[in-house]
Amino acid sequence: MPNTDPVAALCRDRDLPDESLFALLATDRYDTALFSAADRVRRQVYGDEVYIRGLIEISNYCKNDCYYCGIRKSNRNATRYRLSEKEILACCDTGYALGFRTFVLQGGEDPWFTDERVCHIVSEIRRRFPDCAITLSLGEKPAESYRAYFEAGANRYLLRHETADETHYRKLHPDSMSLRHRKDCLFALKRIGYQVGSGFMVGSPYQKTEHLIADLRFLQELQPDMIGIGPFLTHADTPFADFPNGSLPLTLRLVAILRLLFPTALIPSTTALGTIHPQGREMGLKAGANVVMPNLSPVGVRRLYTLYDNKICTDEEAAESRARLEKRVADAGYRIVTAVGDRKKEGDRL
Ligand code: SAH
């Protein structure tokens, strides 16, 4: 490898050859420089602002069987639930009063939520909260469904590609699913006009460094507005029960690399980061993340939306967790704001 500093090159070029990415990912020797460069860039674009998104987990029924996920259809130990429209709207009411201006409706791929039902819920949220962004994270759907939700008032969609390597994708998913289809969904969402979020798990079973580089390259091709990553976390009732959790330092390193590759992207410091380490979300913010997604689901169902074991914040009221988060974010050196929190455009520097 040429004798240059990969962090300086990444800052300068907003890109890096594969061999330098390998070098950055392989050791902790660049971490201090990497995290401070990422924080500098995030402050140039977003200042100390942290956007909050209210996450509403609308259903843990799922027709898919992803090997890593605790709500996969074959998990007979999962107690299933779905929220009614009334319950979802009540979560939005609570969230709005707490300063949330984005609601994220996430769930398993639950056939009960037909397009008609999703559109009804979305248009009702749109009518009641015209100043809020509505984000959906409901998995893979036909383009016509995505279009119908968009027309009903949804404006953002989160769909992680999970891994951009075909062979690796096959090791994480049953044959009924395909990477090609997932990517097609992402491009369809973009074409329709959504602000699109994608991302991947770090340290999922069988993952190699070259797969992570493929993830970064795919994101460069997609150019998403939001990029969510988190460590893979084991769930005891899945085929991956015996695999170890992903690595915290590697996840943080990737957050920082993402910030430098995509200076204006919205990058959440995810619940999975907060689960793997008590200070994980603060560490994510310091490594370049600028979004947090507190849980607004009714406390009674939170324990049931278990994608992985030991998920945090399952027994806290929304108001309580909002207040605690405010302080934690402030202690980390940032500031939660009440804002819809769209992505800043290149050139809108502070
Ligand atoms: N059904 C929706 C929402 C999935 S849950 C969809 O397909 O997009 C949201 C994210 O949680 C997933 O995209 C996945 O990256 C993550 N996730 C699922 N199981 C996980 C696990 N065991 N560890 C860490 N993250 C997990």
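The model is predicted: local features need pLDDT of at least 70 and side-chain atom pairs count only at pLDDT 80 or more, while totals for chains, interfaces and linings use all residues. Residues are numbered from 1 along each chain as its sequence is written.

The axes of H4 (residues 85-97) and H5 (residues 115-128) cross at roughly 30 degrees and come within 11 Å. Axes are lines fitted to C-alpha atoms over the stretch in contact, with angles from 0 to 180 degrees between N-to-C directions. H4 is therefore roughly parallel to H5 (angles under 35 degrees count as such).

## Residues at the contact

H4 contributes Glu85, Ile88, Leu89 and Cys92, and H5 contributes His120, Ile121, Glu124 and Ile125; residues are in contact if their C-beta atoms, placed from the backbone, lie within 7 Å. By class, 5 are nonpolar, 1 is polar and 2 are charged (Ala, Val, Leu, Ile, Met, Phe, Trp, Tyr, Cys and Pro are nonpolar; Asp, Glu, Lys and Arg charged; the others, Gly among them, polar).

## Whole protein

The protein has 14 helices and 9 strands, taken as DSSP runs (H or I, at least four residues, for helices; E, at least two, for strands) and numbered from the N terminus. Its C-alpha atoms fill a box of roughly 60 × 45 × 40 Å along the principal axes.

Of contacts between residues at least 6 apart in sequence, 77% join residues at least 24 apart.

Notes
Parallel < 35°, antiparallel > 145°, perpendicular 65-115°, else oblique. Contact = placed C-beta atoms within 7 Å.
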